[in-house]
Amino acid sequence: MRRLLVVLIFVVGGYGPAGASGGAYASEEEGPLQDVLRERIEALRYAPQGHVQRDVTTLRAVEHLAAFYEMRSFAPVWVTPTHQRMTTYALRAALRQAEDEGLRMADYHLDAMNETLQALRTAGPDERRTLLIDLELICSDAFLQYAGHLLGGRLDPQQLIPSWNIEARATDLLDSFQALSNGQAVHEALQSLRPQHAEYDALRAALARYRRIADAGGWPSIAEGPTLDRGMEDERVAQLRARLAVTDGVASVPDSLQPVFDAPLDEAVRAFQQRHGLTADGRVGPATRAALNVPVETRINQLVVNLERWRWLPNDLGRRYVLVNIASFDLQVVEEGETVLEMPVVVGRSYRQTPVFSDEISYLVLSPYWHVPHSIATRDKLPEFQRDPSAAARQGFQIFQGWSTQAQPIDPMTIDWDALSARNFPYRLRQNPGPNNALGTVKFMFPNPYSVYLHDTPARQLFGRDTRDFSSGCIRVARPLDLAEYLLRDNSGWDRATIERNMGRSDERTVVLNERVPVHLLYWTAWAQSDGTVHFRDDVYNRDIDVQMALAGRVTVPPALHALLDSGNTPSVRTTP
């Protein structure tokens with residue numbers, strides 16, 4: 001994807017104090033501004049690089065502005081006569097709400113807009129026309145920047161996530177821009193570009209709530225000490241009560257009860273633990289205390305990062321789909337906007353991370369063989385067999401010389417395992433169906449470049465852990481029979497009993513789905529429910545910091561505008577580095 005940062009310098013004269021309102025627009029007798037706007041666009045195109053005027057402002061979407069104004073014969077949008085002059089003020093009001101979206105108000109020329117409006121109050125006729133065109137271009141660039149960020153985010157996910165293959169929401173932003181000149185309200189135009197997911201709105205509300213908490217001073221910390229539990233009396237219980245009063249609805253109690261860990265406090269602790277993916281036992285040990293002591297500013301950053309992730313997604317994830325949140329070790333099946341099935345999952349270790357991408361589940365394999373990837377065979381199984389050569393046969397592995405389909409199994413006890421290494425391993429490993437099979441009784445296939453899929457597992461005890469990153473990249477599901485039954489519901493003859501019977505076969509069986517089901521492997525460390533409950537998870541793959549740092553960097557052309565840049569339909573514009 002072509003990435004252009006267009007930096008163009010133009011005159012913005014006579015800046016004064018911000019915040020002016022009224023009296024800033026051209027009247028009918030000042031004549032048409034089209035000629036002035038045309039001249040300015042041409043000057044922006046062909047001015048020598050490095051040409052600097054008295055005052056400067058940076059435009060970032062100039063190629064699009066040139067295309068748009070040519071399309072409308074250089075008629076202004078924002079500085080038209082009296083009956084449309086409120087459009088500029090509506091834009092300014094909308095831009096002031098950018099922080100509510102987890103974006104930065106400072107990225108959208110508000111200072112330049114206010115200063116130009118102020119300068120217009122005292123400008124003479126000649127300077128006035130120049131300032132009006134300055135204001136026109138400032139407003140247009142700000143609109144396209146903000147609209148592009150709402151539509152597709154500030155960042156390009158493909159620059160952060162190599163596996164990213166999810167199509168962004170698409171619309172022609174120039175059409176949205178054109179709608180403003182046809183009388184569509186600025187607020188409505190921008191609102192239509194925001195993610196149309198209830199989850200996004202809930203996350204926005206959570207951001208506003210946590211910012212109010214920060215403005216009020218945040219929350220107190222819990223001092224170190226022994227695990228706190230119901231019935232205990234400890235001076236730290238008062239700290240705990242004050243902390244949970246901020247986020248989990250603990251009611252105040254008489255001073256005499258402050259240090260007593262009572263039933264309402266126990267209930268609040270469990271609610272907090274559930275919201276943070278911890279074992280909800282009501283006990284405040286090291287893990288719960290650490291989560292309680294995370295500063296509110298850190299939680300705000302998580303909310304901002306995850307709002308950005310929502311802007312990368314399409315509005316339609318599918319009529320029904322499977323969604324895996326890698327960071328929360330959780331799988332949901334969603335149908336018509338409602339969660340109909342949910343279960344814990346195990347995802348990849350930090351050095352074998354489960355990738356983020358979307359695909360479609362197309363078939364199931366019941367009683368599968370496990371064809372061991374070469375990397376796992378050499379890194380994991382070879383050291384195990386070197387320690388205990390009998391483990392191969394005991395675990396149901398067959399060893400083949402090479403990868404030919406005609407290759408015959410080799411007795412693992414005849415192999416000199418100690419003579420082998422990762423660079424010298426000419427064998428192929430296949431594990432037979434059975435109770436020891438690493439894939440369990442079923443795998444759910446959506447062929448992809450990463451060889452990642454969903455599957456059962458014999459290691460059921462891992463689903464009881466709070467942090468579940470133990471796999472080699474694939475996703476182990478806790479309720480494979482329930483998921484298989486749901487996915488095969490449109491396949492005649494595949495009821496629950498039939499599925500379960502075929503899960504116990506001694507050879508594998510493939511079942512192609514009559515209707516493919518989208519599957520989305522995503523990474524969210526914060527989300528909110530419609531009732532206002534906010535959930536946070538640890539950043540198990542340390543991915544939040546990359547997004548946070550990128551968001552803190554300087555603003556560039558929104559990714560949503562690149563489709564227009566790459567289409568070849570916009571005119572060439574001279575740029576400076």
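**Close-up A. Tyr523 and its ring partners.** Tyr523 is buried in this predicted model, since its relative accessibility is 4%. Why do we call the pair of Tyr523 and Tyr541 stacked? Their ring centres are 5.8 Å apart and their planes sit at 15 degrees, so the pair counts as stacked. Tyr523 comes from the loop between strand 15 (509-522) and strand 16, while Tyr541 comes from the loop between strand 17 and helix 18 (544-552), so the contact ties together parts 18 residues apart in sequence. Tyr523 also has a charge over its ring: the charged end of Arg543 sits there, 4.9 Å from the ring centre.

**Close-up B. Trp164 meets Trp312.** Here the two rings have their centres 5.6 Å apart with planes at 80 degrees, so this pair is edge-to-face. Trp164 is in the loop between helix 6 (157-160) and helix 7 (173-181), and Trp312 is in the loop between helix 13 and strand 3, so the pair links parts that are 148 residues apart in sequence. Buried or exposed? Trp164 counts as buried at 9% relative accessibility, and Trp312 is buried at 2%. By the ring-pair rule, the count for the model comes to 15 aromatic pairs.

**Close-up D. The largest pocket.** This pocket has a volume of about 1,400 Å³. Which residues lie nearest its centre? They are Ser328, Asp330, Gln332, Glu342 and Trp527, out of 50 lining residues. Elements giving two or more residues to that lining include helix 9 (198-215), helix 13 (296-311), strand 4 (330-335) and strand 16 (526-528). Strand 5 supplies the largest share, five residues. Sorted by class, the lining has 20 nonpolar, 17 polar and 13 charged residues.

**Close-up E. The second largest pocket.** About 760 Å³ of space lies in this one. It is lined by 32 residues, with Trp370, Pro373, Ile376, Leu439 and Ser472 closest to the centre. Strand 7 (370-371), helix 14 (374-387) and strand 13 (469-471) each give two or more residues to the lining. Helix 14 has the largest share, with three. The classes here are 15 nonpolar, eleven polar and six charged.

**Close-up F. Salt bridges.** The structure holds 30 salt bridges. In one of them, Arg204 pairs with Glu101, the closest N and O atoms being 3.1 Å apart. Arg204 lies in helix 9 and Glu101 in the loop between helix 3 (86-95) and helix 4 (110-120), so this bridge ties together parts 103 residues apart in sequence. Arg204 is partly exposed at 21%, whereas Glu101 is buried at 2%. Asp229 bridges to Arg283, with closest N and O atoms 3.2 Å apart. Glu485 and Arg496 make another bridge, at 2.6 Å between the closest N and O atoms. Glu485 is in helix 16 (residues 480-487) and Arg496 in helix 17 (residues 496-502), so parts eleven residues apart in sequence are tied together. Shared partners also link Arg319, Arg320, Glu336, Asp490 and Glu515 into one salt-bridge network.

How values were computed: Residues are numbered from 1 along each chain as its sequence is written. This is a predicted model: local features need pLDDT of at least 70, side-chain atom pairs count only at pLDDT 80 or more; totals for chains, interfaces and linings use all residues. Side-chain values use heavy atoms; hydrogens and water are left out. On a 1 Å grid over the protein atoms alone, a cavity is a set of points where a 1.4 Å probe fits but cannot get out, and a pocket is an open set with protein on both sides within 12 Å along at least five of seven lines; lining residues have an atom within 4 Å of a point. Grid points are joined across faces, edges and corners, and a volume is the space filled by probe spheres set on the points. Helices (H or I, at least four residues) and strands (E, at least two) are DSSP runs, numbered from the N terminus. Ala, Val, Leu, Ile, Met, Phe, Trp, Tyr, Cys and Pro count as nonpolar, Asp, Glu, Lys and Arg as charged, and the others, Gly among them, as polar. Rings of Phe, Tyr and Trp (its six-membered ring) pair if their centres lie within 6.5 Å; planes under 30 degrees apart count as stacked, over 60 as edge-to-face and the rest as tilted. Buried means under 20% relative accessible area, exposed over 50%, partly exposed in between (1.4 Å probe, protein chains only). A charge sits over a ring if NZ of Lys or CZ of Arg is within 6 Å of the ring centre and within 35 degrees of the ring normal. A salt bridge is a side-chain nitrogen of Lys or Arg within 4 Å of a carboxyl oxygen of Asp or Glu.
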